[in-house]
Amino acid sequence: MKVAVIGTGYVGLTTAVSLAMNGHHVIGIDLVEAKIVKLRQGISPIYEPGLEEALRQVLAAGTLAFSTQLSEAKDADVFFVCVGTPEADDGTADLTYLYSAVAAIKEVHNSALQKRVVVIKSTVPVGTGDKVADLLDGCQELSVASNPEFLREGSALLDAIEPSRIVIGVSDPSTGEVMEQLYKGVNAPRVVTTRANAELIKYASNAFLATRISFMNELARLSTALGTDIATIAHGMGLDSRIGPEFLRAGVGYGGSCFPKDTIALLQLAAQNGISLSILEKVREVNATQPVWFLQQLQKLVPDCRGKRIAVLGLAFKPDTDDIREAPSLSILHELTEQGAAVFAYDPVAEDAVKQSFPNVTYTKTAEEALAGADAALLVTEWKECVQLDWERIRQSMAQPVLLDGRNAWPAQTVKQAGFTYIGVGKS
Ligand SMILES: NC(=O)c1ccc[n+]([C@@H]2O[C@H](COP(=O)([O-])OP(=O)(O)OC[C@H]3O[C@@H](n4cnc5c(N)ncnc54)[C@H](O)[C@@H]3O)[C@@H](O)[C@H]2O)c1
């Protein structure tokens with residue numbers, strides 16, 4: 001099939017590459033010319049494991065091309081909308097990019113062709129697909145499907161190739177058939193439903209995952225007070241098949257481009273409908289205070305950070321991505337610099353994204369460099385470069401052997417044996 005993918009960010013680029021790998025003829029469209037120039041050269045503007053190699057393969061095979069002009073894709077059978085839906089000032093999802101992409105499709109599509117489908121992959125509030133269908137009402141040959149994306153940054157391509165499920169929201173069977181043809185050969189459970197259901201499945205999934213994280217983070221505070229070990233507790237809980245082991249890791253809080261904005265957007269959607277989602281409100285509250293709680297643990301060992309050298313390892317909101325949107329590292333850097341600490345930070349790929357906001361932080365080329373001479377070290381993102389360290393050597397190089405493990409990823413026994421004072425999240 002001929003496919004246009006509008007927006008070549010984390011979701012759009014991954015979608016474009018995976019569809020091209022499956023033999024579709026894909027054109028990726030983006031407003032940002034610099035991105036398109038890079039993409040045409042086989043350079044990925046984002047960091048995702050395996051994505052650049054796959055991009056080069058499909059470019060060489062001729063199944064993927066890029067343009068800034070949607071008119072070059074006017075004959076597409078399917079138009080994927082993968083543009084950002086960021087948080088507006090009032091917490092709702094800002095649909096400006098989405099509606100402008102839809103207007104562009106309406107303008108350029110070739111009305112002489114057979115039925116075509118506009119697929120909304122961006123995360124959008126319930127009712128958006130119907131509104132888009134209304135906007136396209138005059139175009140008989142265009143129908144609208146909701147097809148939310150569930151990929152995880154850090155394993156985006158793998159998740160796109162082997163998705164956990166494919167959710168398809170349609171209002172007529174023939175649109176569903178086009179979607180089925182599009183995903184032919186992709187082995188994943190299908191949920192074919194209404195557009196509204198599909199839209200809510202996405203928000204509900206993210207809200208539930210955020211809930212699990214905040215539940216464990218709050219429990220970790222109790223675990224610290226009781227002297228119990230949250231990792232062991234999570235393991236014991238996760239063995240229950242009704243609970244499962246995923247998303248039970250306590251840490252410094254969730255971040256990224258989805259959970260923070262999607263939870264507030266869901267709360268706003270609920271409020272607009274006269275419903276209070278009080279659990280979700282608490283989830284957000286716990287998450288907002290988790291970095292603060294984490295830094296309170298540091299205070300137990302370094303009561304006054306002024307003039308102290310503090311190493312921060314990891315800046316991306318999670319490993320294997322360069323995405324720093326809403327990353328807990330940002331509030332941690334803010335707080336430490338406010339307190340007058342000399343912060344030395346390391347991240348294998350996310351340094352450039354953080355630099356502009358925190359010019360007073362010293363960025364190092366290695367974790368070891370950040371740790372040398374430090375009065376305390378904080379693990380914020382569990383990159384393997386930040387976790388697999390020669391602890392004997394690090395012990396020699398630090399001014400004070402103080403480790404604060406925000407991801408419970410450092411080997412507690414080993415570092416204690418090496419002479420460090422170690423505090424994890426919710427660990428005795
Ligand atoms: N990032 C994730 O992990 C993830 C996962 C699932 C769902 N989502 C959802 O998918 C959507 C996209 O997220 P993302 O992280 O890929 O965003 P992103 O910011 O990385 O990329 C969006 C891209 O769209 C482009 N764009 C905006 N308006 C355009 C237009 N009119 N025409 C062409 N290009 C345009 C931007 O230049 C940008 O490159 C959001 O709704 C998000 O909530 C994201």
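Tutor: What follows is a walk through the ligand shell, the annotated positions and some backbone angles. This is a predicted model, in which local features need pLDDT of at least 70 and side-chain atom pairs count only at pLDDT 80 or more, while totals for chains, interfaces and linings use all residues. Residues are numbered from 1 along each chain as its sequence is written, and side-chain values use heavy atoms, with hydrogens and water left out.

Student: How many residues surround the ligand, and which are the closest?

Tutor: A residue is near a molecule if one of its heavy atoms lies within 4 Å of it. Here 28 residues surround the ligand, and D30, K35, T85, E153 and K261 are the closest.

Student: What is the make-up of that shell in nonpolar, polar and charged residues?

Tutor: Ala, Val, Leu, Ile, Met, Phe, Trp, Tyr, Cys and Pro count as nonpolar, Asp, Glu, Lys and Arg as charged, and the others, Gly among them, as polar. In this shell 12 residues are nonpolar, nine polar and seven charged.

Student: Which helices each supply at least two residues of the shell?

Tutor: Helices (H or I, at least four residues) and strands (E, at least two) are DSSP runs, numbered from the N terminus. Both α1 (10-21) and α4 (96-108) supply at least two shell residues each. The largest share, three residues, comes from α4.

Student: Why does the ligand lie between two domains?

Tutor: Domain bounds come from an automatic or database domain assignment. Domain 1 (2-193) and domain 2 (227-424) both give residues to the shell around the ligand, so the ligand lies between them.

Student: Which polar backbone atom is 2.8 Å from an oxygen atom of the ligand?

Tutor: A polar contact is a pair of N or O atoms within 3.5 Å; within protein, one must be able to donate a hydrogen and the other to accept it, and residues adjacent in sequence count only if both atoms are side-chain atoms. The backbone atom at 2.8 Å from a ligand oxygen belongs to V11. The protein covers 90% of the 840 Å² of accessible area that the ligand has on its own (Shrake-Rupley method, 1.4 Å probe; for residues, only the protein chains shown count as cover).

Student: Which positions does UniProt list for "binding site"?

Tutor: UniProt positions are given in the numbering used here, feature names are shortened, and annotations may be inferred rather than shown by experiment. The unreviewed entry lists D30, K35, T85, T123, E153, K261 and R325. They span 296 residues in sequence, and the farthest two C-alpha atoms are 24.2 Å apart, so they do not all gather at one spot.

Student: Is D30 buried or exposed?

Tutor: Buried means under 20% relative accessible area, exposed over 50%, partly exposed in between (1.4 Å probe, protein chains only). D30 counts as buried at 9% relative accessibility; its place is in the loop between β2 (25-29) and α2 (33-40).

Student: Where does C258 lie?

Tutor: C258, which the unreviewed UniProt entry annotates as "active site", lies in the loop between α9 (230-238) and α10. At 30% relative accessibility, C258 counts as partly exposed.

Student: What is the phi of F247?

Tutor: F247 has a positive phi of about 60° although it is not a glycine. F247 is in the loop between α9 and α10.
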